[in-house]
Amino acid sequence: MSATQALTPPPSSIRSAKQRDSIRSWPLADRVAYLLCWIVGIGLCLMAAAIVLFMLVKGVSYLRPSLLIEHPSASQNQAASGGFLDPIEGTLILTAIGIAIAAPLGVGLAVWMSEYQRPAWLARLVESGIEMIAGAPSVLLAMFGLALFARPALAFLSQTSAGGSVFGRSFLTAGAMMSLLALPLVVASTREALLQVPAHVREASYALGKTKATTIRKVLLPSVRPSIANGVTLGVGRIVGDTAIVVILLGATIRLEGAGGAPLLSTLRGTGGTLTSYVLFNSPAGEGNAHEKAYAAAFVLLLMVLLLNVIVMRLNSSRAGTGQSLGASSRWRVMTGALPWIR
Amino acid sequence: MLKSLLSGRTFRDLLGDGAPAAERRTELALRTLAVGVLVVILGIAIVVFSKAWPSFSHNGLSWFGSGGDVDTQFEAMINGPRDPANYVYHFKAWPLIWATILTSGLAVIFGMVISILAAVFVVELAPARVKRAIDPTIRLLAGVPSVVYGLIGILAIAPWVEHNFISQQRKRSVEYVVQLTGANLSVAVLILTVMIVPIMVAIIAGALESVPRSWTEGSAALGVNRWRTTWRVSLRTVRPAIVAAAVLATARALGEAIMLAMVAGSRGFSPNPLDGTTFLFEPVRPLAATIVHYVEDLNVVPVEHTLYAMAAVLLVSCALLSLAGWAAKQPMKRYGIRT
Amino acid sequence: MRRPTRTLTVSLIAALALAAPAAAGARALLIDGSTSVFPLMTQLAAAYHKATKAPTPKINQGTSDVGVSDVAAGRVDIGDVSRNPEEGDPKGLVFTKIARDGVCMITNPKNPISNLNQQTVQAIFTGDVREWSEVPGAKISGPIDLVDRIASSGTQAAFQDIFLGESLKISPSAEAEESNGLVQNKVKTDENAIGFVSFAFTSGVNPVGYQGIPCTLQNAKSGQYQGVRNFWMVTKGAPKGPAKKFIEWIVSSKNATARKIINSEWIAVH
C-alpha cells in the first residue's frame with residue numbers, strides 16, 4: 001500500500017478502471033453465495049431491529065411508572081392491579097448474592113489458573129471443569145441445588161417447615177447456584193487479562209523484593225481491574241436473564257415472602273420472584289394471565305440487559321485507552337463473553 | 001497425590017524454596033478453591049445420578065424407548081399410590097428424547113449455516129458503518145433473556161403461525177392423535193435458531209478476524225476471488241472455532257428449558273416425519289422443558305426421580321458433547337491450525 | 001488488612017448466629033393451591049384483614065394437588081383444594097369444607113350450544129367424537145379443539161368425577177392449560193374450542209347447560225345443576241393458631257361478611 005502511495009497517481013483513465021474484483025466475473029456458485037451472505041447479514045440486522053422495536057412498542061404501551069413502585073397484588077384480575085416492585089427487588093437481591101459469591105471465587109480461581117497452575121494435572125482438570133460448568137444447562141444446576149439444599153445440614157439457608165422437612169428454596173440457595181452461572185464468565189475474563197500482563201511487570205515486582213502473593217494483590221489485580229469488571233458485568237447479565245433457577249430454586253412466588261425472624265435474614269431465607277419468573281407467571285405459560293404486565297416486565301428486563309451491555313462497552317473502550325489493548329480476536333472473545341479458552 | 005495436593009512443598013519459584021508461610025498459605029487457599037470447583041462438579045454428578053437411579057432401575061433400558069403418552073404416564077405417577085412399596089415408575093421417554101433431538105438438531109443445522117454466512121458478512125463484506133452497528137447488536141441479542149424470546153414467541157409468533165398455517169383441514173388430518181395449535185415444532189426451531197445464532201456469529205467472526213492477513217492476501221494475489229478466498233482459506237482455517245461454536249450452540253439448545261416450555265406445545269408428543277408438512281406443526285416438548293413443566297409436582301416421589309433421570313440424561317449429553325467437540329478438533333491439530 | 005478481616009469475620013458469625021433461631025413473629029398465613037379457589041380466597045383474605053386486623057394471608061396458586069402436598073410438607077399453613085379428598089393424598093390431613101362451586105363447560109360465543117347431555121359430553125371429552133358436525137346443537141363445523149387442565153388440577157379431577165364418571169378419562173390429545181383463566185382465554189379466542197372452568201371464569205364465553213339445566217349460579221344453588229363440587233381448606237392435623245382463627249372466621253355461621261362474599265359467585269354451606 002505504501003509503495004503505491006509513493007508513486008505519482010496514474011492517469012485518470014486508468015484510475016477510473018475498476019481496481020476491485022468485480023462480482024460479474026465470478027462463477028455462478030460464488031455469486032449466489034456472496035448474495036446469500038448479504039441477505040443473511042441484512043436479515044440478521046433486520047431481525048434484531050424487529051425484536052427490539054417490537055418489545056419497545058409493547059413495553060412503552062404497557063409500562064407505567066406506577067408499575068415500578070407498586071407491589072404485586074394477589075387478586076384475580078392481575079392485569080389491572082398491582083405492579084412489579086417485588087420482582088425488581090428480587091432481581092436485585094439475587095444478582096447481588098450471586099455476584100458476591102462469584103466475583104471473589106472467580107478472581108481467586110483465575111489467579112490460581114494463571115499464576116500458580118500446580119500440579120499440572122490439576123490445572124488441566126480445573127480448566128475442563130470450568131468449561132463444563134459454563135456449558136451446564138441452568139435447569140441442571142437448579143435440580144442439583146434443589147437436592148443439595150434440601151439436606152438438614154444446610155437448613156439454615158432456607159426455611160424449615162413444621163413437619164421437619166427443609167424447604168430448600170430461598171434467595172440464598174438460588175444465589176449460590178446463580179454464582180455458578182456467573183463464575184465461568186468472571187474466571188475467563190480475568191484469566192485472559194492476567195495472561196496478557198507482560199512478564200516484565202511481574203519480574204520487576206519480584207526484583208524489588210515483593211513476594212508472589214503481594215505482587216498479585218498489589219500489582220496484577222489492580223491492573224486487570226477493568227477485565228474483572230467486564231467479567232462481573234457479563235456475569236450479572238447472565239444472572240439477570242436466567243429463569244430456570246428462579247422458578248425451581250426460589251419458590252417463584254410473586255411477592256417476597258420472608259421466612260420470619262431478623263428482617264434482612266428473613267428476606268434472604270425466604271422465597272420470592274424475579275422479573276424473569278414474573279414474566280413467566282403472567283404469560284400464557286403461567287397462571288397470572290396478564291400479558292400486559294408480562295410485556296411491561298419484559299421491557300424493563302430488556303432495558304436492564306441493554307444497560308449492562310453499555311457498561312461492558314464502556315469498560316472495553318476505557319481499557320483500550322489505558323494501553324491494555326487487545327487484538328481483534330480477543331476483543332470479540334472478551335466482548336461477547338464467549339469461550340475464551342478456545343485458542 | 002493427596003500429599004502433593006495438600007502440601008505447599010511443590011512451590012518452586014523465583015523466590016526459591018523456604019518461601020514465607022504466607023506464600024504457602026496463599027497457594028494452598030487458592031488451590032483449595034480450584035479443588036472446590038472439581039468437588040462441585042463431582043457433587044452435581046453424584047447427586048443427580050443418585051436421585052435418578054430409581055427411575056432407571058425400575059424401567060431399565062426401556063426408559064429410552066417409546067410406548068404410550070408421556071403426559072398420561074406422569075398423570076399416573078401423580079395420581080398413583082403414595083406408599084413407597086407401590087410407587088408407579090413406568091416411563092418411556094422416547095417422545096421427549098426425539099423432541100430434543102429434533103429441536104436442537106434442526107436449530108443447530110440452520111444456525112450453523114446462517115451464522116457462517118452472517119460471520120462472513122460481518123467480517124468481510126459489511127461496510128464499516130454497518131459493522132460498527134452490528135457489534136453491539138449481536139452482543140445485545142446474545143444477552144436477551146430466554147423468557148423474553150418465549151414471550152414474543154407465544155404471544156406474537158404462535159398466534160400468527162396458527163392463523164396462517166394451521167387450517168381446519170390440517171387439524172383434521174391428525175385429529176385422532178393430537179391437537180394442533182400455534183405452539184409447535186416450527187416456532188420452537190425458529191426461536192431456538194434465533195437464540196443460538198448470535199453466540200455462533202460472535203465466535204466465528206472473532207476467529208475469522210484472527211486469520212493471518214498474509215494468507216488471505218496470498219490467495220488474492222493468486223487471482224482467487226474474494227468469496228472463494230474466504231471459503232477456501234479463512235473458513236477452513238477457522239474450522240476449530242466453527243466446531244467450538246457448534247458445540248456451544250448445541251449445549252445451549254439442549255439446555256434451553258424456559259423458552260421451549262412456553263412455546264413448544266403442552267403435550268409431550270413425538271412428531272412424525274411421515275405426516276408431511278404437518279410434521280412441522282405438531283407440538284413437541286424437549287427434555288429440559290418437561291423438567292420445568294413438571295417441577296411443581298416434585299414432591300411426588302416417582303415424579304422427582306423421573307425428573308432427575310431426565311436431568312441425568314441432559315448431563316451425560318452435555319458431557320458427551322464436549323468430548324465430541326474436543327475429538328473433532330484433534331484432526332485439525334495435524335495441519336498446525338491453532339485449536 | 002487485619003482489622004477489616006476480623007471485623008468482617010465477627011459480623012459474619014453474628015449474622016449467622018441471628019439466622020439460627022427463627023423467631024415466630026406475627027407472620028402472615030401462607031396459603032396456596034387451587035386456581036379455582038383463588039378468587040374466593042383472595043376476597044376472603046382481604047375481608048379478614050379488614051375485619052380482624054390480622055396480617056392479610058398470602059395466597060398463591062398452583063393447583064389443588066400442589067396445595068395438598070405443600071401443606072403436607074409444611075411449606076404452607078393452609079392448602080386450597082377444589083376436589084374431594086382422594087386416597088392418594090398424604091395421611092394426616094384435615095379437610096374443612098368452606099363452599100361449593102359450579103363447574104361449567106364453556107364454548108366460544110360463535111358456537112353458543114345451549115345444552116349437552118351426558119352421553120354427548122362423555123363422547124366429546126374422551127375423544128370419541130372429533131367433529132362439531134356430529135354434535136347436536138353445535139352452530140359451527142370443524143374439528144373439536146378440546147381444552148383440558150394439567151394433571152394436578154382439582155377442577156379436572158372434579159370434572160372427571162362428575163361428568164365422566166369413574167372409568168372414563170379425558171382424551172390425552174387435549175391441550176392442557178395451567179389455570180382456569182387460561183382455559184377461559186383459549187376458548188374465547190378459538191371458535192372450535194370447548195373446555196370446563198369454575199363458575200367464576202365464565203365471562204366472555206358461552207356456558208353450556210348439562211342434562212337440560214343451564215349452568216347458572218341459581219341452578220347450582222338450588223341443586224338442579226349437577227356439576228357442583230366442594231371447596232376445601234386443608235391443614236395438617238386439626239387447624240391450629242392463626243390458621244384456626246382464619247378458618248373459623250370463614251365457616252362461622254354468624255359471619256355475614258364471609259357468607260356474602262361466598263354467595264356472590266359460589267354456594268355457601270354454612
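**Exercise 1. Find the side-chain partner of T56(C) in a polar contact, and describe the surroundings of T56(C).**

Step 1. In this predicted model, the side chain of T56(C) makes a polar contact with the side chain of H49(C) at 3.4 Å. A polar contact is a pair of N or O atoms within 3.5 Å; within protein, one must be able to donate a hydrogen and the other to accept it, and residues adjacent in sequence count only if both atoms are side-chain atoms.

Step 2. T56(C) is found in the loop between α2 and β2 (58-59) of chain C. Helices (H or I, at least four residues) and strands (E, at least two) are DSSP runs, numbered from the N terminus.

Step 3. With neighbours within four places in sequence left aside, T56(C) is in contact with A28(C), A45(C), A46(C) and H49(C). Contact means heavy atoms within 4.5 Å.

Step 4. The relative accessible area of T56(C) is 33%, so the residue is partly exposed. The classes are buried under 20% relative accessible area, exposed over 50% and partly exposed in between, for a 1.4 Å probe and protein chains only.

Step 5. R75(C) is 19 residues from T56(C) along the chain, and their C-alpha atoms are separated by 18 Å.

Conventions: residues are numbered from 1 along each chain as its sequence is written, and chains are lettered from A and ligands numbered from 1 in the order in which they are written. In this predicted model local features need pLDDT of at least 70, side-chain atom pairs count only at pLDDT 80 or more, and totals for chains, interfaces and linings use all residues; side-chain values use heavy atoms, with hydrogens and water left out.

**Exercise 2. Describe how helix α2 of chain C packs on helix α9 of chain C.**

Step 1. The axes of α2(C) (residues 37-52) and α9(C) (residues 256-265) come within 10 Å and cross at roughly 160 degrees. Axes are lines fitted to C-alpha atoms, for helices over the stretch in contact, and angles run from 0 to 180 degrees between N-to-C directions.

Step 2. The angle therefore makes α2(C) roughly antiparallel to α9(C). Angles under 35 degrees count as roughly parallel, over 145 as roughly antiparallel, 65 to 115 as roughly perpendicular and the rest as oblique.

Step 3. L40(C), Q43(C), L44(C) and A47(C) of α2(C) meet T257(C), A258(C), I261(C) and I262(C) of α9(C).

Step 4. Sorted by class, this contact of α2(C) with α9(C) has six nonpolar, two polar and no charged residues. Ala, Val, Leu, Ile, Met, Phe, Trp, Tyr, Cys and Pro count as nonpolar, Asp, Glu, Lys and Arg as charged, and the others, Gly among them, as polar.

**Exercise 3. Summarise chain C as a whole.**

Step 1. Chain C has nine helices and eleven strands.

Step 2. Its C-alpha trace spans about 80 × 50 × 35 Å along the principal axes.

Step 3. Of the 270 residues of chain C, 58% count as buried.

Step 4. Take the contacts in chain C between residues at least 6 apart in sequence: 74% of these join residues at least 24 apart.

**Exercise 4. Describe the contact of helix α3 of chain A with helix α6 of chain B.**

Step 1. The axes of α3(A) (residues 28-62) and α6(B) (residues 146-165) come within 12 Å, crossing at roughly 75 degrees.

Step 2. α3(A) is therefore roughly perpendicular to α6(B).

Step 3. On α3(A) the contact is made by I51(A), F54(A) and M55(A), and on α6(B) by V148(B), Y149(B), I152(B) and A156(B).

Step 4. By class, the contact of α3(A) with α6(B) has seven nonpolar, no polar and no charged residues.

**Exercise 5. Locate K212(A) and state whether K212(A) is buried or exposed.**

Step 1. K212(A) is in helix α10 (residues 212-223) of chain A.

Step 2. Its relative accessibility is 3%, so K212(A) counts as buried.

Step 3. A polar atom of the K212(A) side chain lies 2.9 Å from the backbone oxygen of E115(A).
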